[in-house]
Amino acid sequence: MLSNQEPATGKRKSLHGHWSSRMAFILAVMGSAVGLGNIWKFPYIAGQNGGGAFVLVYLLCVVLIGMPVMMSEILIGRRGRRNPIATMTLLGAEEGSSRHWKFVGTMGVVAGILILSYYSVIAGWTVAYILKSASGVFVNATGETVSAEFGRFVGSWQLVVLAHTAFMALTIFVVARGVERGLEQAVRFMVPALLLLLFVLLIYSITSGSFGAGLAFMFTPDFGALTRDSVLAALGQAFFTLSIGMGAIMAYGAYLPEETSITASSGAVVIGDTSIAILAGLVIFPLVFANGLDPADGPGLVFQTLPLAFGQMSGGVFFSTIFFVLLSFAAWTSGIGLMEPAVAYLVERFHRSRAEAAVIVGGSIWLLGLATALSFNVLADFKFYKGTIFDNIDHLTSNILLPLGGLFIVIFAGWVMCRNSTAEELGGHGPLYRVWRLLARFVAPVGILFVFLKAVGLLPEFAA
Ligand code: TRP
């Protein structure tokens, strides 16, 4: 692709060294992208928004908006070579605009903290499901028993808080010790293993689930089911699952060697991440329809369908345990990425030690997370605006803060940065560069604004 990219000269160096190879960078970004977003969130959001049409809009958002935002984030990160707040301040001034662009970085730090506060709660469920799987409670389970088991679990605030605490402690531990590098190895193993298990599940779904019904649900677009909120949810999901819009990928880009192709790396991550989400949908929906479950059931969907499949297959206890171990790992590598911007900021700005910063940030996130943990039990009836506390934090972050961050990032890369700066990072003025620039300057900003305006009702409804 862009292999004839010229090595740029006289550039800044990151203080923290560089990724050892292009593969190391792709693995790190994959580790942050592949997580609960693909396997837990995508199926349940698609289910709540009627399937086909939502999936189509989500795919369009990934390609037309997600891809240029990701490339912009990486190129900004590599050019600035600092934490996102410092990078936006520096480049804003360097490109002859304003230092105030740092607010994009600040917004990202806040978004990361809020996302992790609920991410940790759901990741806690995953950890708890390792133990449940191993205990064999799902052997020969029916739709009713798995639902009852899930209901009993999330209904207990003590268990949910305990699991959230365990996950947050693990995340703080890794971030405090700064041993993310070991995670490169973990991701190298985890992503293929997760894929493999998804394929095992897919075979089960094809043979024992209502595969035709699942396929039809996911790929037959019914635009009547597409409300204004569904379009916004599809955009939000594209941002969430790709980890973009909050500077996390910008922070990773800061360590990217000059000669690595940003376009090729982004392409690999986008394709990998999207395939895993689609695969998860192909596994889950046939099981939903075969077992009389409701696709619009919400955040418990994966926890009620997959144990059912594992409970029926031979070796299910083993596969199920491994699956939830892998999913916990995937959530863990994402959790670390979510915490990193805030920790890096505390370290650099307030000269805290890494361990101190991790404990301060992680402790605050744990505290905030209690609100989400309780929103599934004690506070389940406390609803406002979009629903429970969890629903509101999720809506605010995925559907508003991330797309807004992405909007400013593409405007910055497409309009504020000069052509030569971006072309230098993206390997020259070739056809791929022109496609990126068209998407970053026009398609992505207009697309995001369009979805926002639609969601607040300033544009007409789709014809039903
Ligand atoms: N992409 C992650 C997932 O799908 C969640 C996520 C969103 C994330 N933003 C992030 C992870 C930033 C790391 C960094 O589960």
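Here is a short chat about a ligand, a helix and a serine in a predicted model.

Residues count from 1 along each chain as its sequence is written, and side-chain values use heavy atoms, leaving out hydrogens and water. Local features need pLDDT of at least 70, side-chain atom pairs count only at pLDDT 80 or more, and totals for chains, interfaces and linings use all residues.

Student: How much of the ligand's accessible area does the protein cover?

Tutor: Start with the polar contacts, meaning pairs of N or O atoms within 3.5 Å. A polar side-chain atom of Y119 sits 2.4 Å from a ligand oxygen, and a polar backbone atom of F240 is 2.8 Å from a ligand nitrogen. Of the 360 Å² that the ligand has on its own (Shrake-Rupley method, 1.4 Å probe), the protein covers 100%.

Student: Is S375 buried or exposed?

Tutor: Buried means under 20% relative accessible area, exposed over 50%, partly exposed in between (1.4 Å probe, protein chains only). S375 has 3% relative accessibility, so this serine counts as buried.

Student: Which backbone oxygen lies 2.7 Å from a polar side-chain atom of S375?

Tutor: Within protein, a polar contact also needs one atom able to donate a hydrogen and the other to accept it, and residues adjacent in sequence count only if both atoms are side-chain atoms. The backbone oxygen here belongs to T372.

Student: At which residue does α3 bend by about 40 degrees?

Tutor: α3 covers residues 52-80; helices are DSSP runs (H or I, at least four residues), numbered from the N terminus. The bend is the angle between axes fitted to the seven residues ending at a residue and the seven starting there. P68 follows within four residues of the bend, which is at G66.

Notes:
Helices (H or I, at least four residues) and strands (E, at least two) are DSSP runs, numbered from the N terminus. The expected span of a helix is 1.5 Å times one less than its number of residues.
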